[in-house]
Amino acid sequence: MPLFLQNRQIDRVSSTSELFRKHSHLQENARVFRSKTPTTVDAKCLLYVQQREFAATNPLDKSVTIIGSADATTCHLVVLRHTGSGATCLAHCDGSRTWSEVPLIVKAVASLTGEMKDGRYELHLVGGFDDESQTSHKLSLNLLAAFQKQQEEIHLETCCITEMNDEVVEGVHRPVVYGIGVNVKTGEVFPASFPTRGPAEDLRSARTFTGGQMVEIYDSSKEQVEIGPCKWTPNRDIAFWLAQDDDTILQYLSTSPMAEPPHFVQHIKSTIQFLLNHPTADSLFPGGQPQVFRRSAQGGWDCSPPPSPQQQQQQQQQQ
């Protein structure tokens with residue numbers, strides 16, 4: 001089914017400028033959205049999504065109020081919500097496998113919605129900017145086209161992407177909004193910043209850095225974050241980057257070196273150091289089991305011990 005806008009079908013477009021020219025109210029909505037002051041989200045209610053991750057839940061979740069993600073330069077942040085069930089998914093897409101990722105997002109919301117007929121699917125797209133290589137523009141078009149290929153009727157509500165998320169600071173193009181949150185109780189989508197980005201921030205970054213593809217990180221039925229198991233091969237050569245200056249790292253390890261947030265280089269170095277400390281991932285996943293985190297009474301995510309061999313056997317029998 002095609003995408004819908006104000007209950008009318010949207011035709012395929014060849015550029016984002018064509019989209020905004022044909023549907024001028026999207027421009028105004030984007031201006032209003034990007035003018036909002038980012039909300040600093042309390043870690044006690046947050047489920048943070050990193051690059052090439054997605055998470056979905058519903059309003060009955062007692063462990064999560066906000067799903068959020070940030071550090072999107074050319075990347076796009078995607079929120080899909082069903083207004084009837086309240087089921088909500090947020091994904092951080094970087095263009096690596098857009099056409100296979102969008103169906104995962106739709107499936108995540110559909111599975112939580114079930115057979116409910118009341119309500120509709122609403123889509124919010126935020127991210128990218130007017131970058132020189134047009135990486136943002138390509139991702140914007142691919143996301144729009146991929147959602148148009150889905151069977152469900154999907155209504156585009158927010159479209160603050162590429163040129164509508166662009167500003168020029170001292171002659172340099174950069175995004176206005178780098179991060180967003182979505183309140184899974186109310187459906188509100190808003191610009192956001194996040195002091196904490198766990199659990200297992202370095203592990204999750206290492207998975208993406210070594211080529212891991214889009215993955216779901218949350219089991220809403222158990223209200224727990226599940227990371228891995230994942231694999232990578234030893235690579236001592238990456239130690240080279242720890243001795244390089246910031247400009248070199250930005251130039252070679254970023255899609256948008258002039259627009260990255262201030263902590264980008266330290267984040268990359270921390271990820272590389274983690275990979276050097278853990279040449280393989282085997283020891284991080286005893287028995288080939290994922291790392292599991294549950295919300296603690298204090299509001300953080302506590303790591304749960306891996307299941308015993310007896311528990312693993314019971315789980316296999318149940319499957």
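Because the model is predicted, local features are reported at pLDDT of at least 70 and side-chain atom pairs at pLDDT 80 or more, while totals for chains, interfaces and linings use all residues. Residues are numbered from 1 along each chain as its sequence is written, and side-chain values use heavy atoms, with hydrogens and water left out.

Salt bridges come first. Side chains of opposite charge can pair when their charged atoms come close. With a salt bridge taken as a side-chain nitrogen of Lys or Arg within 4 Å of a carboxyl oxygen of Asp or Glu, the count is eight. One of them joins Asp94 to Arg52, with 2.6 Å between the closest N and O atoms. Asp94 belongs to the loop between β8 (88-93) and α3 (98-113), and Arg52 to the loop between β4 (46-48) and β5 (53-57), so this pair ties together parts that are 42 residues apart in sequence. The helices (H or I, at least four residues) and strands (E, at least two) named here are DSSP runs, numbered from the N terminus. Both partners, Asp94 and Arg52, are buried; buried denotes under 20% relative accessible area, exposed over 50%, and partly exposed the range in between (1.4 Å probe, protein chains only).

A salt bridge also connects Arg197 and Asp71, at 2.6 Å from N to O. Arg197 lies in the loop between β14 (189-193) and α5 (201-209), whereas Asp71 lies in the loop between β6 (66-69) and β7 (76-82), so the contact ties together parts that are 126 residues apart in sequence. Arg197 is buried at 15% relative accessibility, and Asp71 is partly exposed at 25%. In a further salt bridge, Glu122 and Arg120 have their closest N and O atoms 3.0 Å apart. Glu122 is buried, with a relative accessible area of 17%, while Arg120 is partly exposed at 26%. Arg120, Glu122 and Glu157 are linked in a network of salt bridges.

The loop between β14 and α5 also holds Pro199, and the peptide bond from Gly198 to Pro199 is cis, with omega near 5 degrees. Another cis peptide bond joins Gly228 and Pro229, with omega about 0 degrees; Pro229 is in the loop between β17 (224-227) and α6 (246-253).

Positive phi values in residues other than glycine also occur. Thr162 has phi near 50 degrees and is placed in the loop between β10 (154-161) and β11 (166-169); this residue is buried at 3% relative accessible area. Glu170 likewise has phi near 50 degrees, lies in the loop between β11 and β12 (172-175), and is exposed at 82% relative accessibility.

The whole structure contains five aromatic pairs, defined by ring centres of Phe, Tyr and Trp (its six-membered ring) within 6.5 Å, with planes under 30 degrees apart called stacked, over 60 edge-to-face and the rest tilted. Tyr48 and Phe194 form an edge-to-face pair, 5.3 Å centre to centre with 70 degrees between the planes. This pair links Tyr48 in strand β4 with Phe194 in the loop between β14 and α5, 146 residues apart. Both Tyr48 and Phe194 are buried. Phe240 and Trp241 are also edge-to-face, at 5.1 Å and 75 degrees. Phe240 is partly exposed at 47%, Trp241 is buried at 18%, and ring pairs link these two residues and Tyr252 into a cluster.
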